[in-house]
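Here's a walk through a two-part question: what is going on in the model, and how far can you trust it? Have a look at the structure first, then read on.

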Amino acid sequence: MSKRMKQTFKVTALAAALLSVYGPVLAEGPENSVSIGIGNWSNDRAQRGIYDGMRDSGAYGLLDADILKRDDATGTWLGLKARNLGLDNREIKGEWLRQGDIGGSLEYSRISRDQPFIYNTGVQGIGTTTLRVPTPSITPGTGANVELGTTRDRVTAKFFKNLGVGLNFNVSFRNETKDGTRGWGRGGAAEFAVEPIDSTIRLLEATLNYSRDRLQLSAGYYGTSYDNANSMVTTSLTSGASPYFLSLPLDNKSHELFLNGGYNFTPTTRGTFKASYSRVTQDEGLGNFGGTASPLAPPNLDGRLDTTLLEIGLTSRPMPKLSIVANLRYRDFADKTPVRGIVFNAANTPTVYNTPFSYTNAVGKLEATYRLPQAYSLLGGIEYNAQDRQVPGMGTLYVPFRASLDETTYRLQLRKSMSETVNGSLAYLHSKRDGSSYTLPGDTLEDAINPLNIADRKRDKWRAMLDWSPMDKLGFQFTIEDAQDKYSGMVGPYGLQDGTARLYAVDASYQVNSAWQIHAWYTRDKTTAREITQRDGANANPARDSGAVAEADKRTDLSETGDSLGLGVRGRVSGRLKVGGDVESFRSVNEYQQSLTLLDGRPRYQSNFAGTLTVVPTPNITNKLLRFKLFAEYAVQKNADVRVNLIHERWSTDDWSWMMFPASGPTPWAYGTTTDGTTVTAVPKQNSTFVGIRYIYRFQ
Amino acid sequence: MKGKRFGGLVSMLSSIVFAGAFMISSGFAAAPAQAAGPGPEVCKNCHAVAFESYSASKHSTKTDPRSPANAGACSTCHGDGTAHVKAGGGKGVGGMVKLSTKSVAADAINKTCLNCHQADPRRMHWQASVHAGRDVACTSCHQVHTSHDNVRDKLTQPQVCFTCHKEQRVQVNKPSRHPILEGKVSCSDCHNVHGNNPKQMERGSVVETCYQCHMEKRGPFVHNHQPVTEDCTICHQPHGTTIANLLKSRPPFLCQDCHASGGHPVQAAGLPTGRTTGTSLLGTVGRGCLNCHTNIHGSNSTQNSATAGRFRR
């Protein structure tokens, strides 16, 4: 759901209080401080530790620093910020600047991501571009355990120089290498494969900014590149049979020139514009697909994407009670890659072509806010989006396409602000999307579906927020959101029919006295989706698919319901001792209700599905996370504290994505039948406790 | 059809031009003059904490000719305090301005800040942003009198955003997510909340924003998957979901929102009793449809296969 209708509230004491509750898991030190310590997780955290560098049980070093100094005489700042130096996801940033004149920074950051699953496999060559899948299959569980994951190492350098007379020059450069492995598939069959990841992203942005009196201008260059060390993975069975060649993303780069600006015609009227032009190219060789490659396929794609953006806007307050925002935006994304045959038949006639897609959007927006008495205001707006879309002219279509889409959105909002006790808003959005007739694939079923991103759609959204402070010490915030989408189409009945999203949230904060504070919140969110399609009974391979099944109208009702809450307390026991504690709970239930209306006498389901031939369950999935956090911080001296953190984390799921369901009971998922045998095991439960202690030294 | 569609835009353009002409000719206010005042040394007698944070901030750097330290210090933002001091202080006495949305209109607060900060290209389009249009003030998110502005620290920034964006507060705690809680990805990595791009994205579109980190999805590919080239959020919810890889829904349901090809693509969901190679049994478990259609974001295969365009190689 789009969030463009989101209204916002002011950060109040309530927000500040909530911030202290849901801040970092591990305390960070105050500015101009260094902290050093040690912590220990009691058990592995396969799911919750995928990003924080503390997935495995054991001890970790805790080392952070945040130092910022100014030389008053020269206005020179020197900063050093380091986080997680004892962990795998460490980062460090150094900054130097002579304020208003010249400066720069250099930053290193690592993001590690570990797959939460245990892979037991006999596949050979993991991490390389040559994979061999066991044939015959290994006995599931008898292979070697492998861990998959990626690491991003990012280095960012920034520099600025004030050139005088309103001119500033800024340049930033980022180099990011990504290494590791990712779970993949062999493509030709449901066999395990691993994508080797060894790529580098680079981004360079240089801008010259001008600001003087009423005028601001920003002109510059933005260039990017993607370099992949590998272009293809060769896979086969260990016998050498069934060679499949899996393509990888190829090197590409982009260059963009832009000019943005703003001009204050009057103190209350401002005009703005944006103009940019970018070109992406991809011309790396398409690789050697062995004897399976199309001999007439082009050696490279000559890929080219040109994007043009033009925008003008005007904002004004023509009278004290009325403010207006008007905007026109044109964006043309043109895929200028030549269309050529990729796959050919025996007569050397192309049957598969490359598939460029282009889009042109023209968006007009007009919004007005009128100030009513008693700090009420009323907002009304309209936005019109006209989109032209490319329909492939060559090759096979697999879904219906539309050459144009139009969407009109209306907004209305009533706000109350500037009150010490009650502020709030009530907003409504209605939008309607339709478009040109469909270009159809020519298949009975494919012709009858309305793809969700181009289907006719009506959207209605409500949002109410109330910020209530009945007394200085007590504050509440209430939020209700409701969104409804209804899809339809001119083609047939299949596809997404409708969707809903509802959210109810309440936050509260109470300042008990000058030393103690309590905060709490609860949120319930629910989304639903209803889909209709027709299950095709004429499977291509009834024997492999465990029997032919009945033709059936299929209806699926999907839903996700979440209940989340938090409770926290902060207090100062004495002049030296601060304590706090939090409880957070997140629970979500996903439901997959599927019903079939049979259209012939064949079986309802394949015999190889769990359940029975008449009822096949796709059980609900419940995810739960419960987190307790306690801390105590004691001032051992004027400029030094000792902080103790205790975290207990409980996470569980009954997600069946990586499971099989034989009559004897669920087992980990295993790839292949006569080949492979790789198993994937998800850890359904994790309970772990962290105890950490750190010494924090503050520079005076 | 096209004429009608663009006719609507032309009408809107006419309205905007008309409105613009009206606006330009009817500006009603003058730029506020920077006020003189008693100076921070006087203010600190009563506002010691605020003075302390001011003194440690960039606002107080005297060698920077642009800083408030050279333009009236406290009075640059809070107004001339002469009458306030003369009256012996007091809340609002002497016309002092406390930049709080409980007492001052958001656009008035913002105007104070933008007097200096509009020059930043990231804030050049603030007035046309959704936040500005909804009466969000700079001080709604930023704390000026502090040594640590939470919204400018990627570890604490999301908590500020969650003050209003409750749905995202829940989503970032779901099993499939970006490393937001760990402070490795922050809201402002993807959103320029001071700008007016669609969905307040950091760059001109959703895909261009995502390519900053996921450039391998940019292509162009030999076989492009149409939604990938249009908008990542057609299939992904970047703030967090219960489905692997930030998918909005689980295969085969997600795929069946667009695909109804005969045979296995329209299979019913179900859980296999054991190992299988049946394509009509594999759309729900493991990677779902992606068990075989593994290069779903696009493929560069020239393999001579009728299914080369279906992202299996």
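**Around helix 6 of chain B**

In chain B, the cover over the buried residues of helix 6 includes helix 4 (74–78), helix 7 (130–133) and helix 8 (138–141). Those buried residues are Ala106(B), Ile109(B), Asn110(B), Thr112(B) and Leu114(B); buried here takes 20 or more other C-beta atoms, placed from the backbone, within 10 Å of a residue's own. Helices (H or I, at least four residues) and strands (E, at least two) are DSSP runs, numbered from the N terminus.

This is a predicted model: local features need pLDDT of at least 70, side-chain atom pairs count only at pLDDT 80 or more, and totals for chains, interfaces and linings use all residues. Residues are numbered from 1 along each chain as its sequence is written, while chains are lettered from A and ligands numbered from 1 in the order in which they are written.

Now for the chain contact, which takes 136 residues from chain B and 179 residues from chain A; two residues touch if their C-beta atoms, placed from the backbone, lie within 7 Å. On the chain B side, helix 1 of chain B gives the most, with 14 residues.

And the confidence? The model scores ipTM 0.93 and pTM 0.92. Mean pLDDT (the predictor's confidence in each residue, from 0 to 100) is 92 for chain A and 87 for chain B. Still, pLDDT stays under 50 over residues 1–27 of chain A and over residues 16–33 of chain B.

Notes: Buried ≥ 20, exposed ≤ 12 C-beta atoms within 10 Å, placed from the backbone.
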